Amino acid sequence: MNTTHNIPRRQFLKDSAVLGAAVGLVPNLLGADSSSAASFKGGKIRVGEIGCGSVSGSYLPNLTSQPFIEVVSVCDIIVERAKKRAEKFKVPNVYSNIDDMLAGAPFDLLVNTTSMPSHFPVNKKALQAKRHVWSEKPIALNLKDGKELLDLAKRNGVHFWGSPTCVTSPQFKFMVDTMNSGKIGKVTAAHGTYGHGGPGWSGWFYQKGGGSLYDLGVYNVTTFTGLLGPVKEVVGMTTIINPTRKVEDQGVVKVEADENTMLIMNHGNGVLSHVQTGFVYFDGERFAGEGRQLYTIDVTATKGTMHMQGWDWGPSGVDVAREGEAVLETFCKDPGQYNWVGGATYVAQCLLTGNASLITPEHALHVLEVMNACHESQRTGHRVNVETTFKWPIFS
Ligand SMILES: NC(=O)c1ccc[n+]([C@@H]2O[C@H](COP(=O)([O-])OP(=O)(O)OC[C@H]3O[C@@H](n4cnc5c(N)ncnc54)[C@H](O)[C@@H]3O)[C@@H](O)[C@H]2O)c1
């Protein structure tokens, strides 16, 4: 999300809010075997964060400012990065690999902010060691591995969640409520966009297992599957525009992963949505800042439309047009306690309270399958069926 290191974030994204009052926590229990404050030492969730690169600089201020979280360890294969984070955020234990981390200072929740190709092996080891896991997206690179992780979590009686957090924003909830109210008629189509010029710090973004769809399009795919329901079939095209890229950690790298992606999803009942995403886009981040109106999510219905202001991971309002009204009206400007970087904090709260999470592993697995169907469609030239599903509607 830090598309460049020097673009200031919107102020509210910097707030390290306690998500206790977060929109979206619903009062159903996680299950009969759900954990409660009593099962966690000192009534706190002990966190170990692995992957101390760019995004850890946003996660750690959030995690370390929560009264109900204790960050006990940090880990990175480039151990200097972990040491730097430990020093800055006063984390007592530093490790250079997942095995030592799991064998070291005890913790309850692993926060996985490693590079995308490392998500599956790291998640797997942590689940095998019976730790709850919050993983950055995607949870794995292929469906088989993703399923294995969900099965493993179930077998070992631990919880597993994948980023992003879009479905917990008040603006997402507002869109769902507006659709359900019937005020805009029947939703028929939707369009989402998320792109920038591409990360400049790590080569893996452009190599096998990287790409704009997994890194950026994943937000829109999560939003649209959450809003419009599970996808039945996918058509996609991807391209590479730059044969090579220059990045901070590896110098010049060959671009192997998608830089420019178009994805069409069929949600059933005649509803279609479309996502465009890329690492070859004019960097619109500053235009989507607080108080600005860049639309990234547009929903079209038979009697009206909805347009999300700002990115779906950090929205700043929803404009609604309705039959018989001559102006777009803006709603839901207030982000409340929502924070794109607060996913691990949100699930820690769920662990403590036993509340169900709006973010579910089945949804993350479905999003992974949809993204891979896009790649398969590009490879084969065919439309691709999607088999997984998840509990939808999300709010019930
Ligand atoms: N950078 C952002 O603003 C941002 C925003 C939202 C989500 N994300 C997601 O967060 C994840 C990380 O992104 P990033 O930009 O921080 O990447 P990064 O390359 O800056 O950092 C990844 C770190 O993980 C470490 N790592 C890789 N494999 C490891 C392993 N097996 N064990 C321990 N450490 C390992 C690397 O050494 C590196 O320091 C990605 O999934 C990305 O999509 C990033």
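1. Basis. The model is predicted, so local features need pLDDT of at least 70 and side-chain atom pairs count only at pLDDT 80 or more, whereas totals for chains, interfaces and linings use all residues. Residues are numbered from 1 along each chain as its sequence is written, and side-chain values use heavy atoms, with hydrogens and water left out.

2. Overall content. The protein chain has ten helices and 19 strands; these are DSSP runs numbered from the N terminus, helices being H or I of at least four residues and strands E of at least two. Of its 396 residues, 59% are buried, where buried means under 20% relative accessible area, exposed over 50% and partly exposed in between, with a 1.4 Å probe and protein chains only. Contact means heavy atoms within 4.5 Å. Among contacts between residues at least 6 apart in sequence, 71% join residues at least 24 apart.

3. Axes are lines fitted to C-alpha atoms, for helices over the stretch in contact, and angles run from 0 to 180 degrees between N-to-C directions. Within this sheet, β2 (residues 45-50) and β3 (residues 69-75) run parallel and are joined by six bridges. Val47 stands opposite Val71 in β3.

4. Nine-stranded sheet. A second open sheet has nine strands in the order β17-β16-β15-β14-β8-β13-β12-β9-β19, and its pairing is mixed. At its edges stand β17 (329-331) and β19 (384-385), each with a single partner strand, so one side of each is left without a neighbour in the sheet. Strands of a sheet pair through backbone hydrogen bonds, either parallel or antiparallel.

5. Strand β9 and its partners. β9 (residues 233-239) runs antiparallel to β19, with two bridges between them. β9 also pairs with β12 in the antiparallel sense, over seven bridges. Glu233 has a bridge partner on each side: Asn266 in β12 and Asn385 in β19. Val234 stands opposite Val384 in β19.

6. Helix α7 (residues 170-181) lies across β8 (187-195), β14 (295-301), β15 (304-309), β16 (317-322) and β17, and runs at about 175 degrees to β15. Helix α10 (residues 361-380) lies across β9, β12 (260-266) and β19, at about 60 degrees to β9.

7. Helix pair α5 and α6. Helix α5 (residues 119-128) packs against helix α6 (residues 143-156) at an angle of about 15 degrees, with their axes 9 Å apart. That makes the two roughly parallel, since angles under 35 degrees count as roughly parallel, over 145 as roughly antiparallel, 65 to 115 as roughly perpendicular and the rest as oblique. The contact is made by Phe120, Asn123, Lys124, Leu127 and Gln128 of α5 and by Asp145, Glu148, Leu149, Leu152, Ala153 and Asn156 of α6.

8. Nonpolar core. The largest nonpolar core holds 112 residues; such a core is a set of buried Ala, Val, Leu, Ile, Met, Phe, Trp, Tyr and Cys residues joined through side-chain atoms within 4.5 Å. Leu109, Leu110, Trp134, Leu227, Val234, Leu263 and Met265 touch the most other members. Helix α8 (residues 212-228) supplies the largest share of this core, nine residues.

9. Arg81. This residue lies in helix α3 (residues 79-89) and is partly exposed, with a relative accessible area of 33%. Not counting residues up to four places away in sequence, Arg81 touches Cys52, Gly53 and Asp76. The C-alpha atoms of Arg81 and Gly53 are separated by 6.9 Å, although the two are 28 residues apart along the chain.

10. Asp312. This residue is in the loop between β15 and β16 and counts as buried at 2% relative accessibility. Leaving aside neighbours within four places in sequence, Asp312 is in contact with Cys166, Tyr219, Asn220, Thr223, Thr296, Ile297 and Tyr338. Thr222 is 90 residues from Asp312 along the chain, and their C-alpha atoms are separated by 9.5 Å.

Note on methods. Pairing = 2+ DSSP bridges.
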